[in-house]
Amino acid sequence: MQKNALSILLADDDEDDRLFFKDAFEEIKIQTKVDFVHDGMQLMDHLMNPDNKLPDILFLDLNMPKKTGKECLIEIKKTEHLKNIIIAIYSTSSSEEDIEDTFIQGANIYIKKPSDFNTLKKIINEVVTVNWHYHTSGLNRDNFLLRLK
Amino acid sequence: MKWIPKFNSSNSLRVIFVIAVFILLFLSSIAYKHNRDLNESSKLLMHTYEINLQLERLMSAVKDAETGQRGYIITRNARFLTPYIYSREKVNTSFITLKKLTADNPVQQKNLQKLFKLIIQRFVSFENCLKYSDPKTYDKRRLDNHMFGGRILMENIRFKVDEMNDLERSYLNKRLKIYDAEISLSPLFSISLFLVALSFILLAYRQISRDIKRLKMYNKKLLISSGLIAESEAIGKFSTWQWDLESNKIDYSDNQYRLLGYEPNAFVPEKETFLNFVHPDDKETVAKAMEGIISKKELPFVYYKILLQNREVRYFKSTGKLLTDQQGSKILLGINFDITDEHLLNIELQERNKELEKSNKELASFNHVASHDLQEPLRKIQTFISRVPEADKAVMSQSARDYISKIEVSAKRMRVLIDDLLLFSRTNTTKKEFIKSNLNELLENAEAELTEIIDEKKAVITTSKLPKLSVIPYQIEQLFINLIGNSLKYSQPDVFPQITIESHKVLSADYPDVLEQNIRKFHKITFTDNGMGFDPQFKETIFVLFQRLHSKTDYPGTGIGLAICKKIVENHKGHILADSTPGTGSTFTVFLPD
């Protein structure tokens, strides 16, 4: 594994979604290392384990067993060495409430799971290639929800 | 209690009576005195006349003696001497009487003494005259002397009698004068006093009759108001009770007996009576409240159950107050309300509320199911189909390719349905935050959302100035999107869509059938298009969920869009109307409160 490969972590309990995700990353041909966790508990264990390298971008599903995405988000933002991880909410839900809540809790972007594989690839490409340093400084409510034209 | 009349007149009445009684007592004492004086005067008069009479008798006796003596001297007939002999006796009798009559008067006694002496002398003179006239002892000179002396004595007697009479008369006059003086002063005085007493009594009479009139009036009022209270107690299902703490007497209103399941006055209430009716569950609470009322002087509402004789349970609400009446005695006043009907209604309402809450929760969980669990497999169907490579499709049979594309269309339609349904349910369940917003800005946002289709159809949207209103911004935006989107969707083929949006202020009173009359002013916003329109008979049904006027193949849609519009407008306490002329265009009218 190369040193400069982007480290991606997806927390999602759905096996199919993890498969789509993995395939999409393989097809976009960007140097990435993608890891998966299956629920909130596993995610927190993974992040708290000092043996694991922290991900550059965390894709976080909201509806997960044991510990929900929102709970994880709050915990991460409370933890000093985790709070700078870029968090992309990756959920089926498009409810205003979920978007509002996660924005307030400090998530960087909100992605509604697409129903088309090509759209998924485009989204992942967009998220991975964005200059996050620049993006976070101009973070606002309007560009929080990722919309692809 | 300001309606209680003040009868202050009773005190002044008492004073008037006392004065009148004193005046009358005074008057009667004066009358008594006058009567006594009069009596005395008449006695005095009688006295005077009696003395006068006796003196005249005395005088006449002496004269009789003189006449008899003359007759005898002239005729020498002894028969003439009879009056002379009797006259001495008469004189003595009169003297005794006169002596008695003048016993209290020393002056008259002295006069009487002198008179007596004169009369004695006169009789001596008679004897001498008889003696010297007797032929045997006749002496002319001495007879003449004695005759003359008798003449002079007679005159002296007359004089003395007159003097005595005069004296008596003067006494009488003097007394009468005093009496007259007294009598002449008093009539005016007594009459005026009498008049004063009379006027006092009249005054008192007037006051009494006035008081009686007022009492009658208040009595009538009291009767009416107590009748009304009894009636209102019966109608309003409440009752009152009074407990005089001093006399320890408890009074129930008629309705109190009825509320407790008895006829009025069926028993004599005592301190513990009421507690016996209270349901065993609440006895302690009510007893405590009853004690508290004496110390706190007021009873906050207590709610409890009553157990009637027939085992029926009634719900009561009571309150009370400690009052001090005009006489200073303390009275506990209580009111009981029979709230059984309200209570049962309340319980029913609570149950319905619970049911509603439950169904709301179910709706919310359905929402969740729709947003996650239903979308999830659908999304995967779509994603998996999208993953079938074109190269694979090319080697498939024609029918297999058709099936795949039909699966794709159906999945897409299902997605639209789910999204619209979610949108519809969210218009109702999400929190409604009203923010003062410029409707023109919201309209611009809506147009931006629809840019693609507007450009595609080369539509022209003309907008007048819209008001600033307190609204739920994203909902109004959605409303505009749906209405404009609807017009664009049902445009006439080969005609560029034209949509005109106008706003006017109107009064709710002008639209009594559709607008809430509690809100006075509304903004009437009309969306007029030149689209294909619809049969006006459907102008109500097009707002009903899932109602479609066109086939799915001609115009894809879920039949939810206008239902959402209706819901949004209702959330704003407004109203939406639709009208159309087929082939010419439709007008959608939205009323939003000012």
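Angles under 35 degrees count as roughly parallel, over 145 as roughly antiparallel, 65 to 115 as roughly perpendicular and the rest as oblique. The structure is a predicted model, in which local features need pLDDT of at least 70 and side-chain atom pairs count only at pLDDT 80 or more, while totals for chains, interfaces and linings use all residues. Residues are numbered from 1 along each chain as its sequence is written, and chains are lettered from A and ligands numbered from 1 in the order in which they are written.

In chain A, helix H3 (residues 69-78) packs on helix H4 (residues 96-105) at an angle of about 15°, with the axes 10 Å apart; axes are lines fitted to C-alpha atoms, for helices over the stretch in contact, and angles run from 0 to 180 degrees between N-to-C directions. H3(A) and H4(A) are therefore roughly parallel to each other. H3(A) contributes A:Lys70, A:Leu73, A:Ile74 and A:Lys77 to the contact, and H4(A) contributes A:Asp101, A:Thr102 and A:Gln105 (two residues are in contact if their C-beta atoms, placed from the backbone, lie within 7 Å). These residues comprise two nonpolar, two polar and three charged; Ala, Val, Leu, Ile, Met, Phe, Trp, Tyr, Cys and Pro count as nonpolar, Asp, Glu, Lys and Arg as charged, and the others, Gly among them, as polar.

Chain B contains 14 helices and twelve strands, where helices (H or I, at least four residues) and strands (E, at least two) are DSSP runs numbered from the N terminus. Of its contacts with a separation of 6 or more, 65% join residues 24 or more positions apart.

Within chain B, five strands form an open sheet of mixed pairing, in the order E7-E9-E10-E12-E11; two strands pair if DSSP finds at least two bridges between them. Its edge strands, E7 (460-463) and E11 (575-581) of chain B, each pair on one side only. From one strand to the next, the twist averages 20°. Helix H13 (residues 473-489) of chain B lies across E7, E9 (498-507), E10 (521-529) and E12 of chain B, running at about 25° to E10(B).

Finally, the two chains meet where twelve residues of chain B are in contact with twelve residues of chain A. Helix H8 (residues 340-386) of chain B gives the most to the chain B side, with nine residues. By class, that side has no nonpolar, seven polar and five charged residues.
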